[in-house]
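Reader: I've got the model open and I'd like to learn how to read it. Could you walk me through it?

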Amino acid sequence: MFQVVLLNDDFTPMEFVVSVLQKFFGMGREKATQVMLKVHRDGRGVCGVYPRDTAATKVEQVSGYARQHQHPLQCVMEEA
């Protein structure tokens, strides 16, 4: 299993991160806000744990969506 992790940067708006968590990880607003604050405070936050293929797809979706909106948000996967 692999965890999908968002990495903090000084440019991506917090509201955009919340919307990504809701859109791609099915989180409610409250949970998405908690994860976004963890990314902001700790430099990283786990979005979920998935099989390798699902995790890779999520990373690609989030990275592509961030680029489309011209944000440098980074999303990576790590072995859980």
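**Sheet, core and a buried lysine**

Author: Helices (H or I, at least four residues) and strands (E, at least two) are DSSP runs numbered from the N terminus. The model is predicted, so to speak of local features we need pLDDT of at least 70, and side-chain atom pairs count only at pLDDT 80 or more, while totals for chains, interfaces and linings use all residues. Residues are numbered from 1 along each chain as its sequence is written, and side-chain values use heavy atoms, leaving out hydrogens and water.

Reader: In what order do the strands of the sheet run?

Author: Two strands pair if DSSP finds at least two bridges between them. Here three strands make an open sheet, ordered 2-1-3, with antiparallel pairing. Strand 2 and strand 3 (74-79) are at the edges with a single partner strand each, so one side of each has no neighbour in the sheet. From one strand to the next, the twist averages 30°. Strand 1 and strand 2 pair over six bridges.

Reader: Which strands does helix 3 touch?

Author: Contact means heavy atoms within 4.5 Å. Axes are lines fitted to C-alpha atoms, for helices over the stretch in contact, and angles between N-to-C directions run from 0 to 180 degrees. Helix 3 packs on the sheet and touches strand 1, strand 2 and strand 3, its direction making about 165° with that of strand 3.

Reader: How many residues does the largest nonpolar core have?

Author: Buried means under 20% relative accessible area, exposed over 50%, partly exposed in between (1.4 Å probe, protein chains only). A nonpolar core is a set of buried Ala, Val, Leu, Ile, Met, Phe, Trp, Tyr and Cys residues joined through side-chain atoms within 4.5 Å. The largest one has 24 residues, and those with the most contacts inside it include Val4, Val20 and Phe25. Helix 1 (14-25) and helix 3 (52-68) are among the elements that each supply at least two residues, and helix 1 gives the most, with seven. Beyond four places in sequence, Val20 touches Phe25, Val62, Tyr65 and Leu73.

Reader: What about Lys58: is it buried or exposed?

Author: Lys and Arg count as positive, Asp and Glu as negative; His and the chain ends are not counted. A salt bridge is a side-chain nitrogen of Lys or Arg within 4 Å of a carboxyl oxygen of Asp or Glu. Lys58, in helix 3, is buried but has no salt bridge, and the nearest side chain of opposite charge, Glu60, is 13 Å away. Leaving aside neighbours within four places in sequence, Lys58 contacts Val4, Phe24, Phe25 and Tyr50.
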